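Trainee: I am new to this structure. Please take me through one part of it closely.

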Amino acid sequence: MKHTLAVLAAALVTSAAPVLADDTLDVVAQFEIQSAEPSTSGYIFTRMGVAETLTNADPAGKLVPGLATDWAASEDGLTWTFTLRDGGLFHDGTAVTPDAVANALTIARGKPGPLAKTPVTAIEAGEGAIVIILSEPFAALPAYLAHYSAQILAPAAYGADGAGVQVIGTGPYRITDLAPPLSLKAEAFADYWGNAPHVPNVSYAAVSRVETRALMAESGEADFVFGLDPASVARLDMSDAATVHSVAIPRTLLMKVNASHPALSEPEARQALSLSIDREGIAKAVLRYPEGATQLFPPSVGDWHDANLAPLAYDPEAARALLADLGWTAGSDGILTRDGERFALTLTTYPDRPELPLVASVLEQQFRAIGVELTINTTNSSEISSGHQDGSLDLGLIARNFGLIPNPVGTVLSDYAPTGDWGAMGWQNDEIIALAHSVGRGDGGIETQKRIAEILQTELPIIPIAWYRQTLAVAKGVEGAVIDPWERTFGLQDLKLAQ
């Protein structure tokens, strides 16, 4: 398994399955490791089994114990108590004490992230437990503590200013070498509280180009490869070197809309863009998915998906009629104009997810068919959030994950109540704000969630396109690979290498 990229081409000359010759499992994905800071790179550390959170989620998204064995709220909903596991140890050999956990959560709460947006007023160390005090009831709190930015690290992992300087976690693997932005190495932690890993060593490499990642899977350079494009999946399906796994996940490919843009401020204009999108065609021909998105929330997020909601349709004629009613008329080149202004927009996306530029190219053609000119800007994903902040973004093609917090209300609160960098832009709906906070408090049920979905379907501050599937190439010599639909873990501790 241990080749260098310099000899990768030579390794591709043969098509024989790789021989797993050592005791290290090599993981490759597109995500760079920015630093040891949990708020920016923590998702890599949790997925690699290095760091853990108080709560966790099973494949169905149900909360299960993590470093906390159980939790309960007071009768008034203002005090939560999380009981800690006995005998837990950090990777530096120090005990997982209530004081250490309270320190980690207090630091996390002081940084940008979901925990900072909760009504937490105090985090205290109790007797074998953590006590969290709220200013108002917040039933979703245990789900927020499953977010990677709330991972529990040892006191020595933080600098004097609270920044993460080392990754000293509690997981089944302990980091032996961290080399941002491209790699880390880890070994099995002998004193892990849970089941010991079968594979003694693991590594992670950030590889930006999807073609390179696919070649690494095909050649045996890597054992676990994420972020494959449809063409790579088709080729690997015919390879003897790896097995391709795929599962539906709580993530939606969507188009973020600047609703304050003069051409996009009317709901009818956004509805017209939506009607021009052939979702089924994009899903099957471009993404190789079985279906497109009929609404924002995929079936994998349970009660947030409303099977009775009228689905998003493909009807270019209806789209053209809506735009005509808004006063848009076709110019000599077929592009619509109104009050001397062309209906011309820039769609910003990023190549980290290789399917996004492909979808953007199809959208350019489908929008032109209704008279809308689209320019594609493929750049860093950070340009979307910065364009949101300064108002320069027209459209953003993104993938939104509803599983970062195992209760989608966290993402809804972040994106629409009122808005966040990856959600609505130039759009605010007072009803949604009230409904989302009601769900967050715990007094809003399924009907409340359905009403939120209905408003988003009508107003379209974002335009859903496809529900995601996670695709993973696993070397033939690796046994026990299972994709976590909530993308919280690679499940490395449960894998075995064939002898």
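At what angle do helix H5 and helix H6 pack, and how far apart are their axes?

Mentor: First, some ground rules. This is a predicted model: local features need pLDDT of at least 70, side-chain atom pairs count only at pLDDT 80 or more, and totals for chains, interfaces and linings use all residues. Residues are numbered from 1 along each chain as its sequence is written, and side-chain values use heavy atoms, with hydrogens and water left out.

Now the pair. H5 spans residues 210–219 and H6 spans residues 230–237. Helices here are DSSP runs (H or I, at least four residues), numbered from the N terminus. The two pack at about 15°, with their axes 10 Å apart. Axes are lines fitted to C-alpha atoms over the stretch in contact, and angles run from 0 to 180 degrees between N-to-C directions. H5 is therefore roughly parallel to H6 (angles under 35 degrees count as roughly parallel). Their crossing is right-handed: the near helix is turned clockwise from the far one by less than a right angle.

Look next at who touches whom. H5 contributes Val-210, Ala-214, Leu-215, Ala-217 and Glu-218. H6 brings Ser-232, Arg-235 and Leu-236. Contact means heavy atoms within 4.5 Å. By class, the contact has five nonpolar, one polar and two charged residues. Ala, Val, Leu, Ile, Met, Phe, Trp, Tyr, Cys and Pro count as nonpolar; Asp, Glu, Lys and Arg count as charged; the others, Gly among them, count as polar.

One residue elsewhere is worth a glance. Arg-251 lies in strand E12, residues 242–257 (a strand, E, has at least two residues). Arg-251 counts as buried because its relative accessibility is 6%, and buried means under 20% relative accessible area with a 1.4 Å probe, protein chains only.

Conventions: Buried means under 20% relative accessible area, exposed over 50%, partly exposed in between (1.4 Å probe, protein chains only). Angles under 35 degrees count as roughly parallel, over 145 as roughly antiparallel, 65 to 115 as roughly perpendicular and the rest as oblique.
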